[in-house]
Amino acid sequence: MAKCNVCGKEKSANVSCDWKYFEIDEREYERVKYGEEKRSGSAGEPFCQGCGTPAGGYHHPGCPVEECPLCKKTVLECECDV
Ligand SMILES: [Zn+2]
Ligand SMILES: [Zn+2]
Ligand SMILES: [Zn+2]
C-alpha cells in the first residue's frame with residue numbers, strides 16, 4: 001500500500017488524513033468525512049474501501065468514495081477548482 005502524499009501516513013494503517021479543508025476561491029470548505037457521504041453505498045463498513053480511513057475520518061486524496069463538499073459529486077467526477 002502507498003503512503004498518502006498529503007499527510008504521509010500509510011493508507012493501510014486505517015488512519016484519518018490530516019487534510020481537513022478544501023480551499024476554493026480563498027474560502028475553506030470542510031471535506032466530507034467517511035460515513036457522511038450522501039451517495040456512496042459504503043455505510044456500515046468500519047473503514048473506507050477506497051483509502052482505508054476510519055468512520056468519521058477524512059479521506060486521503062484520490063479516494064473514489066470521497067465527495068465534494070460543494071457539489072456532492074465524488075471528487076473524481078467533481079469539476080470544482082479544488
Ligand atoms: Zn492523507
Ligand atoms: Zn476514502
Ligand atoms: Zn465539486
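**Close-up views of a predicted chain**

View 1. W19 is partly exposed, because 14 other C-beta atoms lie within 10 Å (a residue is buried if 20 or more other C-beta atoms lie within 10 Å of its own, exposed if 12 or fewer, and partly exposed in between, with C-beta atoms placed from the backbone). The model is predicted: local features need pLDDT of at least 70 and side-chain atom pairs count only at pLDDT 80 or more, while totals for chains, interfaces and linings use all residues. Residues are numbered from 1 along each chain as its sequence is written, and chains are lettered from A and ligands numbered from 1 in the order in which they are written. W19 belongs to the segment before β1. Leaving aside residues up to four places away in sequence, W19 touches V6, C7, Y58 and P61 (two residues are in contact if their C-beta atoms, placed from the backbone, lie within 7 Å). Between W19 and Y58 there are 39 residues of separation along the chain, yet their C-alpha atoms are 7.2 Å apart.

**View 2. The pairing of β1 and β2.** The chain has two strands and zero helices (helices, H or I with at least four residues, and strands, E with at least two, are DSSP runs numbered from the N terminus). Strand β1 covers residues 21-24 and strand β2 covers residues 27-30; they pair in the antiparallel sense over four bridges (two strands pair if DSSP finds at least two bridges between them). I24 has R27, in β2, as its bridge partner.

**View 3. The loop residue D25.** The hairpin of β1 and β2 has two residues between the strands, and D25 lies in this loop. D25 is exposed, because 7 other C-beta atoms lie within 10 Å. Although D25 is not a glycine, its phi is positive, at about 50°. Most residues other than glycine have a negative phi.

**View 4. K72, after the strands.** K72 is located in the segment after β2. This residue also is not a glycine and has a positive phi, of about 65°. K72 counts as exposed, because it has 12 C-beta neighbours inside 10 Å.

**View 5. The whole chain, for orientation.** Along its principal axes, the C-alpha trace spans about 35 × 25 × 20 Å. The radius of gyration is 12 Å, which agrees with the value near 12 Å for a compact globule of 82 residues (the radius is taken over C-alpha atoms, and the globule rule is 2.2 Å times the number of residues to the power 0.38). Of the 82 residues, 26% are buried.
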